[in-house]
Amino acid sequence: MPQKQKILFFDHELTLSMHPGMSDILFKLARYHALYLVSDQENIGASLDKAGLRKCFLDVFEKERLGRVPKSDQWFYLTPIDELNLEKEKVLVIAHSVEGIKGAKKAGLPVIACTWGSQERELLIGAKPDYLADHPQELLSVLQSINLA
């Protein structure tokens with residue numbers, strides 16, 4: 001199997017939102033990238049299993065495993081990077097909240113903000129993500145524009 005191009009960290013709400021087309025996009029991305037799910041919730045693995053999406057992710061990091069730090073803390077993202085011995089410069093965060101964007105930025109990670117989550121587009125823009133996607137198909141377009149899709 002060819003080496004995965006990039007490591008993508010997804011927030012659980014984006015993957016489980018059942019937004020039209022999201023599951024297809026996850027399966028497509030999983031063929032070329034190493035996908036991990038990070039969540040400030042518990043029992044997300046069971047929800048992924050139920051949705052048939054667990055196989056898209058190499059690992060799932062839930063609240064307890066992340067040391068119960070909030071999304072706005074850099075260690076929300078640095079903990080899985082350290083635990084898995086990942087190269088930080090290969091990681092890209094895909095987030096849906098201001099807190100997730102802030103945590104990624106504090107960790108020195110580029111972030112794509114997705115507006116189909118729980119927070120308004122204007123709030124996400126105010127957090128200064130590196131990229132913005134308004135729907136799942138646009139996520140692919142953003143990744144292609146930075147040569148990652």
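## A parallel sheet and the helices around it

Let's start at one end of the sheet: Leu37 has Val60 in E3 as its bridge partner. This is a predicted model, in which local features need pLDDT of at least 70, side-chain atom pairs count only at pLDDT 80 or more, and totals for chains, interfaces and linings use all residues. Residues are numbered from 1 along each chain as its sequence is written, and side-chain values use heavy atoms, with hydrogens and water left out.

A quick word on labels: helices (H or I, at least four residues) and strands (E, at least two) are DSSP runs, numbered from the N terminus. Two strands pair if DSSP finds at least two bridges between them.

**The sheet**

How many strands form the open sheet, and in what order? There are 6 of them, running E3-E2-E1-E4-E5-E6 with parallel pairing. Strand E3 (59–61) and strand E6 (131–133) sit at the edges with a single partner strand each, so one side of each has no neighbour in the sheet. From one strand to the next, the twist averages 25°. Angles here run from 0 to 180 degrees between N-to-C directions, and axes are lines fitted to C-alpha atoms, for helices over the stretch in contact.

| Strands | Bridges | Direction |
|---|---|---|
| E2 and E3 | 3 bridges | parallel |
| E1 and E2 | 5 bridges | parallel |
| E1 (residues 7–11) and E4 (residues 91–95) | 4 bridges | parallel |
| E4 and E5 | 3 bridges | parallel |

Phe10 is partnered with Ile94 in E4. Moving on, Val93 finds its bridge partner in E5, namely Val111.

**Two covered strands**

Next up is burial, where buried means under 20% relative accessible area, exposed means over 50%, and partly exposed lies in between (1.4 Å probe, protein chains only). In a regular strand the side chains alternate between the two faces of the sheet. Which residues of E4 lie on each side? Val91, Val93 and Ala95 are on one side, Leu92 and Ile94 are on the other, and all are buried.

Contact, by the way, means heavy atoms within 4.5 Å.

On the H2 side of the contact are Met22, Ile25, Lys28 and Leu29, and they meet Pro136, Gln137, Leu139, Leu140 and Leu143 in H7. These residues divide into 7 nonpolar, 1 polar and 1 charged.

Is Met22 buried or exposed? With 1% relative accessibility, Met22 counts as buried. Met22 and His135 are 113 residues apart in sequence, yet 8.8 Å apart in space, C-alpha to C-alpha.

The buried residues of H2 are Met22, Ile25, Leu26, Leu29 and Ala30. Down the axis of H2 they fall within an arc of 135°, so they line one face of the helix; the arc is that of the directions from the helix axis to the C-beta atoms. On the other side of H2, Asp24 and Arg31 are exposed.

**Two loop residues with positive phi**

Arg68 sits in the loop between E3 and helix H4 (75–84). Arg68 has a positive phi of about 60° although it is not a glycine, and it is partly exposed at a relative accessible area of 47%. Asn85 is in the loop between H4 and E4. Its phi is near 55°, a positive value in a residue other than glycine, and at 70% relative accessibility Asn85 counts as exposed.

Note on methods: Nonpolar A, V, L, I, M, F, W, Y, C, P; charged D, E, K, R; others polar.
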